[in-house]
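Me: I have a model open and would like to learn how to read a few of its features. Could you walk me through them?

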Amino acid sequence: GGADLVVMERSRPEASLVEQCSLLLGRSWRQVSRNRVANGIRLAQQVGVAAVYGGIYSLSDAQCSIQDRLGLLQMVAIGSFVQPLAAAIRTFPREKSIVASDRSKHLYNVFPYFLSKVATELPVTLALSCVFSGILYPSVRLQPDWAKFKNFVS
C-alpha cells in the first residue's frame, strides 16, 4: 500500500510588496489614531512615571550622587524597553484573529504587516519618550546641556 503524498502549494499574495505595505500602513495608522483612550493611558503612564522618578531622585554634582544617577538611568532604560513591549502585548490578542484570517486568505505576508506596525507605532512611542524625557530630565536635575539632553532622549 502506498501512502498518499499531499503537496501543499505555498500561495503568495497577489499584491506587490509595496501595495501590501501601503494598505497595511493605512490600516495600522487608522488603528493607532483611533485608539485615543489607549494613547491617553500611555501618555498618563509616561507623565506619572516621570513624576514618580522626579520625586524619588534629586541628583547633584556630588560624588555620592553617582549611584543615584546610575540607578535612575537603569530604571529609565528598563522602562523604555518594557513600555512599548507592554503595548504590543496588549494589542496582539485583539489583532491575532484578524491577522490569521487575512493570512489564511493570502492577503499579505508577515514582513509587510510587521513593517507597518513598527512604522505606525514608532512615532507614538517616540513622542511619548520625548514627553517622559522632557519632564524627567529637568526634574531630577540632570546636566542642563542641550547635547546631553538629546543623548538622553535618544
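Me: Is Ser65 buried or exposed?

Reply: Buried means under 20% relative accessible area, exposed over 50%, and partly exposed in between (1.4 Å probe, protein chains only). Ser65 has a relative accessible area of 4%, so this residue is buried. Ser65 lies in helix H3; helices here are DSSP runs of H or I with at least four residues, and strands are runs of E with at least two, numbered from the N terminus.

Me: Before we go on, what should I know about where this model comes from?

Reply: This is a predicted model, in which local features need pLDDT of at least 70 and side-chain atom pairs count only at pLDDT 80 or more, while totals for chains, interfaces and linings use all residues. Residues are numbered from 1 along each chain as its sequence is written, and side-chain values use heavy atoms, with hydrogens and water left out.

Me: What is the mean pLDDT of the protein?

Reply: pLDDT is the predictor's confidence in each residue, from 0 to 100. The protein has a mean of 86, and 93% of its residues reach 70 or more. Confidence is highest in helix H2 (residues 36–56), at a mean of 92, and lowest in helix H3 (residues 65–104), at 86.

Me: How do I describe two packed helices?

Reply: Use the angle between their axes and the distance between the axes. Axes are lines fitted to C-alpha atoms, for helices over the stretch in contact, and angles run from 0 to 180 degrees between N-to-C directions. Here, the axes of H1 (residues 17–34) and H4 (residues 110–139) come within 8 Å and cross at roughly 40°. Angles under 35 degrees count as roughly parallel, over 145 as roughly antiparallel, 65 to 115 as roughly perpendicular and the rest as oblique, and H1 and H4 are therefore oblique to each other.

Me: Which residues meet there?

Reply: Among them, Leu24, Leu25 and Trp29 are on the H1 side, and Phe111, Leu115 and Val124 are on the H4 side.

Me: Where does His106 lie?

Reply: His106 is in the loop between H3 and H4. This residue has a positive phi of about 60° although it is not a glycine, and His106 is partly exposed, at 35% relative accessible area.

How values were computed:
Contact means heavy atoms within 4.5 Å.
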